[in-house]
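This briefing goes through one protein chain, topic by topic. Please keep the sequence and the structure in view while reading.

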Amino acid sequence: MSYRDLDPTDAQQELAADKTLRILDVRTPQEHQSHRLPGSVLVPVQELEQRLRELDKDANWLVHCEHGRRSLFACEILAKAGFKKLANLRGGMAYWAGCGLPFVRGAGGA
């Protein structure tokens, strides 16, 4: 499988430097609504295989979940489906928030 592992600080730097980098949140809708990265696309990992056509295979994706396990599984699914530019957010949203990096809380907005 072909994907990179990024810690939150490196991921934030890449997001700042590459405005084409897309964020895929593979958590539940409830988790996403509670707290999320701005601009993230929600496709719960259990729906990912059925919804692959909704995602651009040629895009550069940062994949995350809450702690990093579901996103690893999602990266494997995406890589098998032909996605080439994948990065897994190591430690997920929990590690991101623990590093003091910005995120959106509550309903409304992306």
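A salt bridge is counted here when a side-chain nitrogen of Lys or Arg lies within 4 Å of a carboxyl oxygen of Asp or Glu. The model is a predicted one. By this rule, Arg4 and Glu14 form a salt bridge, with their closest N and O atoms 2.8 Å apart.

**Salt bridges**

- The count of salt bridges comes to 8.
- The Arg4–Glu14 pair links distant parts of the chain, since Arg4 belongs to strand 1 (residues 4–6) and Glu14 to helix 1 (residues 8–17), 10 residues apart.
- Arg4 has a relative accessible area of 38% and is therefore partly exposed.
- Glu14, at 24% relative accessibility, also falls in the partly exposed class.
- A salt bridge joins the side chains of Arg70 and Glu31, at 2.9 Å from N to O.
- Because Arg70 sits in helix 3 and Glu31 in helix 2, this pair ties together parts that are 39 residues apart in sequence.
- Arg70 counts as partly exposed, at 27% relative accessibility.
- Arg51 forms a salt bridge with Glu47, and the closest N and O atoms are 2.7 Å apart.
- Arg51 is partly exposed at 23% relative accessibility, and Glu47 is partly exposed with a relative accessible area of 32%.
- Asp25, Arg27 and Glu66 are joined in a network of salt bridges.
- Side chains of opposite charge can pair when their charged atoms come close.

- Arg27 is located in the loop between strand 2 (22–25) and helix 2 (29–34).
- Its relative accessibility is 0%, so Arg27 counts as buried, the cut-off for buried being under 20%.
- The Arg27 side chain reaches the backbone oxygen of His35 at 2.5 Å.
- A polar contact of 2.8 Å connects the side chain of Arg27 with the side chain of Glu66.
- Apart from neighbours within four places in sequence, Arg27 is in contact with His32, His35, Arg36, Leu42, Pro44, His64, Cys65, Glu66, Arg70 and Met93.
- Among these contacts of Arg27, Arg70 is also the salt-bridge partner of Glu31.

- Strand 5 is mostly covered, with 5 of its 5 residues buried.
- Asn60, Leu62 and His64 point one way from strand 5, while Trp61 and Val63 point the other way, and all are buried.
- In a regular strand the side chains alternate between the two faces of the sheet.
- Strand 2 pairs with strand 5 in the parallel sense over 4 bridges.
- Trp61 of strand 5 is the bridge partner of Arg22.
- Strand 5 also pairs with strand 6 (residues 85–89), in the parallel sense and over 4 bridges.
- Lys85 of strand 6 is the bridge partner of Asn60.
- From strand 5 the chain crosses through helix 3 to strand 6, in a right-handed β-α-β crossover.

**Nonpolar cores**

- The largest nonpolar core contains 19 residues, and those with the most contacts inside it are Leu24, Leu48, Leu55, Trp61, Val63, Leu78 and Phe83.
- Strand 5 (60–64) and helix 3 (69–80) each contribute at least two residues to this core.
- Helix 3 gives the largest share of this core, 5 residues.
- Leaving aside neighbours within four places in sequence, Val63 contacts Leu24, Val26, Ser71, Ala74, Cys75, Leu78, Leu86, Ala87, Asn88 and Leu89.

**Arg90, a loop residue**

- Arg90 lies in the loop between strand 6 and helix 4 (92–98).
- With a relative accessible area of 37%, Arg90 is partly exposed.
- The C-alpha atoms of Arg90 and His67 are separated by 7.6 Å, although the two residues are 23 residues apart along the chain.
- Beyond neighbours within four places in sequence, Arg90 is in contact with Asp5, Leu6, Asp7, Pro8 and Tyr95.

Conventions
Residues numbered from 1 in each chain as written. Predicted model: local features only at pLDDT ≥ 70, side-chain atom pairs only at ≥ 80, totals over all residues. Heavy atoms only, no water. Core = buried A, V, L, I, M, F, W, Y, C linked by side-chain atoms within 4.5 Å. Buried < 20%, exposed > 50% of the residue type's maximum accessible area, 1.4 Å probe, protein only. Contact = heavy atoms within 4.5 Å. Polar contact = N/O pair within 3.5 Å; in protein donor to acceptor, adjacent residues only side chain to side chain. Pairing = 2+ DSSP bridges. Right-handed = clockwise from strand over helix to strand, strands pointing away.
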